[in-house]
Amino acid sequence: MSDTMAHYQRALDGFDEVVATVGADEWDRPSMCTEWTIRDVTGHVVWGQRLAHGWAVGCEYTETGGAPGAPHPGGDELAGARPLEAWRAASAATLPALTPESLSRLIVTSGFGEIPLEGFVTLLVTDLLAHTADIAYALGQDVRLAPDAVPFAFAWSREQSFRVPGGIGPELTPPDGVDEQTRFLAYLGRKAW
C-alpha cells in the first residue's frame, strides 16, 4: 500500500467514526464549513468519493451538486435522508477501485489540471480531515485527526493554489503554541481553538 493510500484509509476511518456519532436530529445543524450543514458536508464528501470512483473505473461522473461551493450538497442525490448509509456505500465502492493501476491513470481536474488519480486521492485525504473536523467541532467533540495524515495533508496543502471562491477560505492565524492539527485547520480557514 502506498503512503497516500495508507493516509487515505486513516482519513476514511476518522471521518466514519465522527459521522457515525451524528444523531438523527443533528444532520441539519450548521457545520464549521461556512454555509453548509452537517448533512451538506457529508453530501460533499459522498460526491468526492463518487467522483474518485468514476475516475478509478474509467466512467464519467457528471454530478456537480456536491462540488466545492455547491449551495446544498446534502440533498437527496448525495446524502439524502440516510447520510451515514450514503457515505458508507460511497466509500465502500471507492476504496477497492483505487488500485495501483487506477491510481496512476491521468485525470483532468478543473482545479489542478492533468494529474494522476493518486494526486486527487491526496486532495481527498485533506478534504476528509478538514470535514471530519467540520462535523466533530460542530457537535462539540474534541476530535483528534489521524496524527500521521495531518502533516502529509498540511504539506500538500501548502504546495497548492486552491484558495479560491468555493475552495478553502482565508488562512487564519492561530495562537502561539498550538498543535499541528490546529495550525493545519487554521491554514484551511477553520478556527479550532
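This is a predicted model: local features need pLDDT of at least 70, side-chain atom pairs count only at pLDDT 80 or more; totals for chains, interfaces and linings use all residues.
**Salt bridges and a helix pair**

Biologist: Quick one to start: which residue does Arg10 form a salt bridge with?

Modeller: Arg10 pairs with Asp148, and their closest N and O atoms are 2.6 Å apart. The two are 138 residues apart, so to speak distant parts of the chain get linked: Arg10 is in helix H1 (residues 3-19), while Asp148 is in the loop between helix H5 (117-138) and helix H6 (149-159).

Biologist: Why is Arg10 called partly exposed?

Modeller: Because its relative accessibility is 34%. Under 20% relative accessible area is buried, over 50% is exposed, and partly exposed is in between (1.4 Å probe, protein chains only). Asp148 is partly exposed too, at 32%.

Biologist: How many salt bridges does the structure hold?

Modeller: There are 9. Among them, Arg144 bridges to Asp179 with the closest N and O atoms 2.8 Å apart. Arg144 is in the loop between H5 and H6 and Asp179 in the loop between H6 and helix H7 (180-187), so this pair ties together parts 35 residues apart in sequence.

Biologist: Which residues are linked in a network with Arg144?

Modeller: Asp142 and Asp179. The N to O distance between Arg144 and Asp142 is 3.5 Å. Asp142 is exposed at 63%, whereas Asp179 is partly exposed at 32%.

Biologist: Switching topic: at what angle do the axes of H2 and H5 cross?

Modeller: Roughly 165°, and the axes of helix H2 (residues 38-57) and H5 come within 10 Å. That makes H2 roughly antiparallel to H5, since angles over 145 degrees count as roughly antiparallel, under 35 as roughly parallel, 65 to 115 as roughly perpendicular and the rest as oblique. Axes are lines fitted to C-alpha atoms, for helices over the stretch in contact, with angles running from 0 to 180 degrees between N-to-C directions.

Biologist: Which residues make the contact?

Modeller: Including Val45 and Trp55 of H2 and Phe120 and Leu124 of H5; contact means heavy atoms within 4.5 Å.

Definitions and conventions. Residues are numbered from 1 along each chain as its sequence is written. Side-chain values use heavy atoms; hydrogens and water are left out. A salt bridge is a side-chain nitrogen of Lys or Arg within 4 Å of a carboxyl oxygen of Asp or Glu. Helices (H or I, at least four residues) and strands (E, at least two) are DSSP runs, numbered from the N terminus.
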